[in-house]
Amino acid sequence: MAGYILRRLLQAIPVFIGTTFLIYFMVFALPGDPIIALFGDKTPNPAVVAQLREQYHLDQPFIVQYLIYMGGIFRGDFGISFSGQPVTEILARTFPVTIRLAIIALLIETIAGILVGMVAGLRKGKLFDGTTLAVSLILISLPVFVIAFVAQFVFGVQLGWARTTVGDGAPIQDLILPAIVLASISFAQIVRLTRSSVIETSSLDFVRTAYSKGLGRRRIIPVHILRNSLIPVVTYLATDFGVLLVGATVTEGIFNVPGVGNTLYQAIIRGEGPTVVSFVTVMVLIYLLVNLAVDLLYGLLDPRIRYVK
Amino acid sequence: MKRYGVGFAALAVASALVLTGCSGGGASTPTTSANTTAIISTNGSEPQNPLIPTNTNETGGGKITDNIFAGLVYYDEKGAPQNDMAESIETTDSTTFTIKIKPDEKFTNGEAVTADSFINAWQYGALLSNAQLNSYFFEDIEGFSYDADSPLTGLKKVDDLTFTVTLTAPHSDFPLRLGYTAFMPLPSVALTDVAAFGENPIGNGPYKLAATGAWQHNVKIDLVANPDYTGGRKAQNGGLTIKFYASADAAYADLQSNAVDVIDEIPDSAYQTYTTDLGDRAVNQPAAIFQSFTIPERLAHFSGEEGQLRRQAISEAIDRDTITKVIFEGTRTPAADFTSPVIDGWSDSIDGSDVLKYNADDAKALWAKADAISPWSGTFQIAYNADGGHQGWVDAVANNLKNNLGIDASGAPSPTFAQVRTAITDRTIQTAFRTGWQADYPGLFNFLGPLYATNAGSNDGDYSNPDFDALLSKGSSETDSAAANKDYQDAQAILFKDLPAIPLWYSNVTGGYGTSVSNVHFGWNSVPLYYEITKG
């Protein structure tokens with residue numbers, strides 16, 4: 001087990017180097033000089049531009065810029081944004097907000113999705129099942145910004161049940177509405193996954209055996225059916241956490257959440273290499289860790305899957 | 001006198017609101033006077049740079065620095081300069097200015113505002129190696145250099161409260177420029193650790209930071225009224241919270257749910273509905289923003305007499321009235337000159353301004369005349385950045401040209417603003433391109449000198465006309481502002497003939513405010529005069 005974890009962690013190193021290199025290259029390849037854009041519609045004095053380019057190492061060739069950036073990372077220095085703030089500070093400020101938002105969304109979609117999906121699967125072909133399938137199809141086909149604008153207008157502006165935008169310090173009660181919006185599409189996916197998985201498991205021999213042994217539904221459903229149906233759902237959740245981190249961009253913009261999505265978008269627009277790369281790198285790391293955790297979770301759900309050796 | 005009038009009007013409005021139960025701010029007891037401790041909240045955006053006045057050139061940071069610093073002058077609602085820290089600014093030749101500072105003015109850390117506060121701040125801002133985004137503001141002061149570190153020798157301290165400024169050439173509008181952010185004074189602590197100061201600036205303006213760390217990045221900044229400020233912008237409220245919004249849509253949603261008091265940007269998506277939503281709390285008025293597209297002289301067919309004819313034809317082929325009405329829902333005002341109607345000296349009857357009137361037949365005739373000189377070939381394209389919401393009007397203008405001139409015309413989108421600006425700066429762009437100018441200070445010269453004077457800093461089309469240059473210098477050396485404005489209007493008559501840029505429209509400031517605030521007025525620079533706003 002420990003050997004398996006160590007191997008997985010070591011695998012993260014080439015992934016880390018590869019992604020930073022690729023992202024850095026992509027930001028470098030963005031057309032246009034970000035320093036000139038700092039001056040808006042006004043044409044800057046070339047000497048001032050040269051000074052600033054030197055300050056941000058933008059006068060160096062790509063590989064030198066990348067090495068300077070990587071050298072900094074090993075000293076815990078992620079570079080400085082155009083606004084003069086250390087990127088580490090920006091990371092420390094924005095990631096907790098987005099992770100909080102993603103976790104709330106993940107909790108909502110997991111609990112609601114598995115419950116609804118399980119009930120639908122156990123009542124296959126009934127009215128509840130049909131309604132669930134129809135609703136989830138609608139949710140999947142709606143773009144997230146449509147759901148977000150409608151939710152903001154109805155619950156924020158019209159009914160006043162929630163704040164229209166997230167307030168100071170991004171408290172949890174303000175994050176619930178954006179989290180529901182963010183969770184809505186994955187919720188529909190989880191419902192469908194759980195439903196089909198439950199239907200499949202219910203017809204397997206061991207479930208019939210359990211019934212014939214005289215076990216009650218209250219034991220069979222959670223332990224025999226649900227536990228064995230969860231593997232595809234958990235796999236989906238792991239990838240979805242990464243999607244939530246990145247996909248929050250639109251939702252964060254609409255609800256004005258001071259999180260990763262917003263900041264990353266601004267940094268890309270401004271062509272701030274170090275900020276973009278640092279953000280994406282941290283996302284990659286989180287993604288790797290979550291996937292590792294999920295792989296370990298498989299063993300708990302199904303003891304046949306083991307990581308010994 | 002006028003100030004008192006405004007104050008009384010505010011009182012009347014405020015009490016009327018309370019009596020009719022319209023006050024949404026939760027004022028429980030009827031009161032006859034506005035609440036001077038109320039905090040006004042408004043929209044803003046995360047400053048792009050540390051809050052150093054000489055390095056703040058965009059609206060997000062400018063909105064903050066303008067409120068926490070007080071310069072020698074400030075601009076009133078009409079854009080006229082009023083003395084703020086200055087007791088007097090005097091000149092006899094428009095080249096050397098003697099500036100006296102009011103005694104007993106101080107920064108919020110207790111340090112006195114002296115001649116050195118200005119001289120040191122300007123020296124810092126102008127020095128090349130400090131790479132300040134606003135350094136070009138000091139270019140007319142003696143000693144300034146774009147190429148090497150060079151102190152401003154034109155700044156001389158006379159005594160603690162007096163200094164003189166010597167310019168390299170007469171500029172009668174120099175005192176008018178002094179209200180711009182770049183010319184703010186700095187306390188001595190600022191220059192010992194600029195980075196730390198930029199994070200927690202100490203100013204001398206109507207507001208100050210509520211506490212150390214009041215700037216919560218990406219979230220908001222909290223300002224409170226500065227009790228020591230004695231100038232004309234004394235706050236009529238207790239403070240100002242500027243919330244940073246990633247999009248105008250979010251700010252507008254907050255206004256509708258009363259989570260923010262005043263906003264100065266209506267999102268495009270609400271252009272059709274905001275006047276019905278807000279009623280008389282909706283604001284839509286011209287601002288000091290001039291929009292155009294520039295046709296560089298180096299493009300084939302666009303120089304000499306042929307070029308003049310083609311430029312005039314293009315201008316007359318554009319139906320500005322319909323485009324501003326249909327595409328912008330009336331939030332742009334068709335251009336009548338090269339400046340802005342909010343600027344003193346603006347005129348809609350300058351010689352030659354007929355080329356801005358939609359006249360398809362005449363346009364076609366002019367184009368045919370140009371074809372007689374040298375036949376047209378190719379496509380006429382207008383470059384723009386696709387991330388800025390320009391596609392709608394560029395397509396409309398291209399359609400106008402196609403239909404009225406019978407030529408192939410289209411937009412040439414680039415994905416990012418940086419890409420377009422780089423191509424323009426490098427002169428690699430081979431098409432016409434979108435240009436916009438937001439004035440730095442409310443003077444006609446600011447719309448003309450930097451854009452069209454020979455070799456001027458933002459002369460993106462490399463336009464050059466000695467007659468135009470001569471009229472600009474003549475205007476700059478006039479001591480009477482009416483005479484100067486006349487020269488600038490004559491200079492524009494030349495522009496109307498040459499059309500280095502095709503004027504399109506003035507951007508309006510669009511905004512709105514909630515039911516709990518009153519006395520909301522927008523300044524010449526599209527920003528509300530926050531210090532006048534009352535609540536409760």
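Predicted model: local features only at pLDDT ≥ 70, side-chain atom pairs only at ≥ 80, totals over all residues.

User: In which order do the 4 strands of the open sheet in chain B lie, and what is the sense of their pairing?

Analyst: In general, the strands of a sheet pair through backbone hydrogen bonds, in either a parallel or an antiparallel manner. Here the order in chain B is β4-β5-β7-β6, and the pairing is antiparallel. The edges are taken by β4 (86-91) and β6 (155-159) of chain B; each has a single partner strand, so one side of each has no neighbour in the sheet. On average, neighbouring strands of this sheet are turned by 20° against each other, direction ignored.

User: Over how many bridges does β4(B) pair with strand β5 of chain B?

Analyst: The antiparallel pairing of β4(B) with β5 (residues 96-101) of chain B extends over 5 bridges. For B:E90, the bridge partner in β5(B) is B:T98.

User: Which strands does helix α3 of chain B lie across?

Analyst: Helix α3 (residues 115-126) lies across β5, β6 and β7 (162-166) of chain B, and runs at about 170° to β6(B).

User: Which side chains meet in a salt bridge with an N to O distance of 2.8 Å?

Analyst: As a general idea, side chains of opposite charge can pair when their charged atoms come close. In this model, B:K157 and B:D116 form such a salt bridge, at 2.8 Å from N to O. B:K157 belongs to strand β6 of chain B and B:D116 to helix α3 of chain B, so the pair ties together parts that are 41 residues apart in sequence. Over all chains, the count comes to 21 salt bridges.

User: What area is buried between domain 1 and domain 2 of chain B?

Analyst: The size of an interface is often given as the accessible area lost when the parts come together. Between these two domains of chain B the buried area is about 1000 Å², with 57% of it from carbon and sulfur atoms. On the side of domain 1 of chain B, B:S172, B:D173 and B:L176 lose the most area, together 32% of what that side buries. The domain pair has 0 salt bridges, while 5 residue pairs are in polar contact.

User: How is chain A divided into domains?

Analyst: Domain 1 of chain A consists of 16-77 + 271-308, and domain 2 of 91-270. The centres of the two domains, taken over C-alpha atoms, are separated by 29 Å. Each domain of chain A brings 22 residues to the contact. The buried area is about 2000 Å², and carbon and sulfur atoms give 77% of it. Within domain 1 of chain A, the three residues A:F279, A:M283 and A:L301 supply 34% of the area buried against domain 2, more than any other three residues. Helix α12 (residues 273-301) of chain A gives the most to that side of domain 1, with 15 residues. Across this interface there are 0 salt bridges and 1 residue pair in polar contact.

User: Finally, how many residues of chain A and of chain B are in contact with each other?

Analyst: The contact involves 38 residues of chain A and 46 residues of chain B. Together the chains bury about 3600 Å² between them, 54% of it on carbon and sulfur atoms. In chain A, the residues that lose the most area to chain B are A:D41, A:K42 and A:T43, together 18% of what that side buries. Several helices of chain A, including α2 (34-37), α3 (46-55) and α10 (217-255), each supply at least two residues to the side that touches chain B. The helix that gives the most to this side is α7(A), with 5 residues.

Note on methods. Residues numbered from 1 in each chain as written. Chains lettered and ligands numbered in written order. Heavy atoms only, no water. Pairing = 2+ DSSP bridges. Axes fitted to C-alpha atoms, helices over the stretch in contact; angles between N-to-C directions. Contact = heavy atoms within 4.5 Å. Buried area = accessible area lost by both parts, 1.4 Å probe. Salt bridge = Lys/Arg side-chain N within 4 Å of Asp/Glu carboxyl O. Polar contact = N/O pair within 3.5 Å; in protein donor to acceptor, adjacent residues only side chain to side chain. Domains from an automatic or database assignment.
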